[in-house]
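Here is a short briefing on one protein chain. Look over the model first, then read the points on surface, sheet and helices.

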Amino acid sequence: EKIRKREHAAQGKPKEKEGKRKVGGFLNRASGQSIYEDKPCAAKTETEAQQLAAKRLLDKLKESLGTNDEDLKHMTLVDGLFTRLMDPKEFQRIVYHGAKIPADQNFLPRTFEELLNNELYANTLVGLFPKIRQRAHVVLENVKRKGALEGDIMDARTETMLKPQVLNEAFAHEVVAMIKQVNRKQNAFLAQSKEFVAEPDSEQALGDHLEVSVVEDLLDDEKGYAIQEGYLDDEEGEWQNLLEEDVHNVIQHGKLSKGTTAHNISNERDDVFTCWLNKRECEEKYPALSYLIEQLANLPYELNRKSMELYKTSTNASSNEKNNHKHLNLCKLSDSHIMLMVITSEKYLVAAKTTVPLSTELIVEGYKKRLDGSTGENDNGLKVSATYHFNADWDASKGGRMCLYSTDKHDCSPTYVDPKADRLVLYRSRQIFNSVEDTIYEKGEIPKQRMSLTVFYNGPQVDNW
């Protein structure tokens, strides 16, 4: 019966023309075809047709990645992001900012090809294609408009030749944004898992680096931040010197990149340099930083224990449900949540210590106001941020102070925190905004490098923090 129906349906169908069919599509830069191949499909709606076309395109893209397609080397219109993503090293540098992917997050794609073969990402990409086409259209129209203003009118042949390249660039930008969005959701999901909670009754929770008042300040809804002096009990400054030495080795190894980008944080400044540290690599190459990271890795255990003890001793703990957020339930420190930051003028970055006085005034830019975490759909799982400063003899009158804000309003006055040595600043990632003010050096003064290490602890979102 099926054969009979198939034969009956085939009657009256026009025969396809003989010969090789011309194939257009995303990677054929000379074809002038649209992003969707001109293939017949059984889609009943326009949405289904777009989804089928997008899936065919992804299949074609996967196939091309396994060949030495010369076209891939020439797609550099706009900013060449698409071509750069094809290189595995560039892919990891652009998407993860050079950080090594930790073993506990093996769901993250390491190459563009891995991404396309991962259903989690590929299915999301299919839904993005209408947005990709729209973005490409806007970019191409802007290129045509700018050319027209200079008297250079783009002809139809040139437009059809450029369109595939513009589509590639739009695709690449959406890929990077999509990966970050998926990773944020994955991190937020992990933050809810009891499997990753730093157990308050474990041996690691027995540490006593934090004063009770510090934990109380962090839990205080009207404050939301706390400062612990002498975190490493380094009165002689021995650890500070060793940490500075490790940081200069990190600089010499070329690991710092300009700007700050962490999770949903993005802040490009000329004088801010950061890198993501890996625990194992620090154990092998940077012993002082490794020790500091080890202490900060124990911190969520201590915070969970002390916050629970404070909750239990509260007089109204049994009756006041609003105190539920006092149970921090912070997760263990992830290997991808450790960020080293050095703020200095780029020409003074390489030198371990500058001894030459300035011939003119120098302004070293800090970073603008930002929020490490987020809430709702944009939740990235971050609950508490901890920044450790190791700047011996820092002159706060020059600036460089850390600024903490309770809101993002322009008229909100910040709390200023000097980045003095052995000082740890804790704050709620989802509520407290932070920035670093500029540092101003006058003529004849010797500039310094401002150093800090920030770790981000995951935790479930309760009452918007």
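The protein chain exposes about 24700 Å². Carbon and sulfur atoms supply 47% of that area. The model is predicted.

**Overall make-up**
- The protein chain has 465 residues, and 46% of them are buried.
- Its secondary structure comprises 11 helices and 14 strands.
- Take the contacts between residues at least 6 apart in sequence: 78% of these join residues at least 24 apart.

**The open sheet**
- An open sheet is formed by 7 strands, with antiparallel pairing.
- The strand order is S1-S11-S8-S14-S6-S5-S2.
- Strand S1 (225-229) and strand S2 (257-258) stand at the edges.
- Each of these two strands has a single partner strand, so one side of each lacks a neighbour in the sheet.

**Inside the sheet: S8 and S11**
- Strand S8 covers residues 382-389, and strand S11 covers residues 423-428.
- The two run antiparallel and are joined by 6 bridges.
- Val-384 has Arg-428 in S11 as its bridge partner.

**Helices on the sheet**
- Helix H8 (residues 212-219) packs on the sheet and touches S1, S8 and S11.
- The direction of H8 makes about 160° with that of S1.
- Helix H11 (residues 287-313) lies across strand S6 (338-343), S8, S11 and strand S14 (450-458).
- H11 runs at about 35° to S14.
- S8 and S11 are among the strands touched by H8, and H11 lies across both.

Technical notes. Residues are numbered from 1 along each chain as its sequence is written. This is a predicted model: local features need pLDDT of at least 70, side-chain atom pairs count only at pLDDT 80 or more; totals for chains, interfaces and linings use all residues. Side-chain values use heavy atoms; hydrogens and water are left out. Helices (H or I, at least four residues) and strands (E, at least two) are DSSP runs, numbered from the N terminus. Buried means under 20% relative accessible area, exposed over 50%, partly exposed in between (1.4 Å probe, protein chains only). Contact means heavy atoms within 4.5 Å. Accessible areas come from the Shrake-Rupley method with a 1.4 Å probe; for residues, only the protein chains shown count as cover. Two strands pair if DSSP finds at least two bridges between them. Axes are lines fitted to C-alpha atoms, for helices over the stretch in contact, and angles run from 0 to 180 degrees between N-to-C directions.
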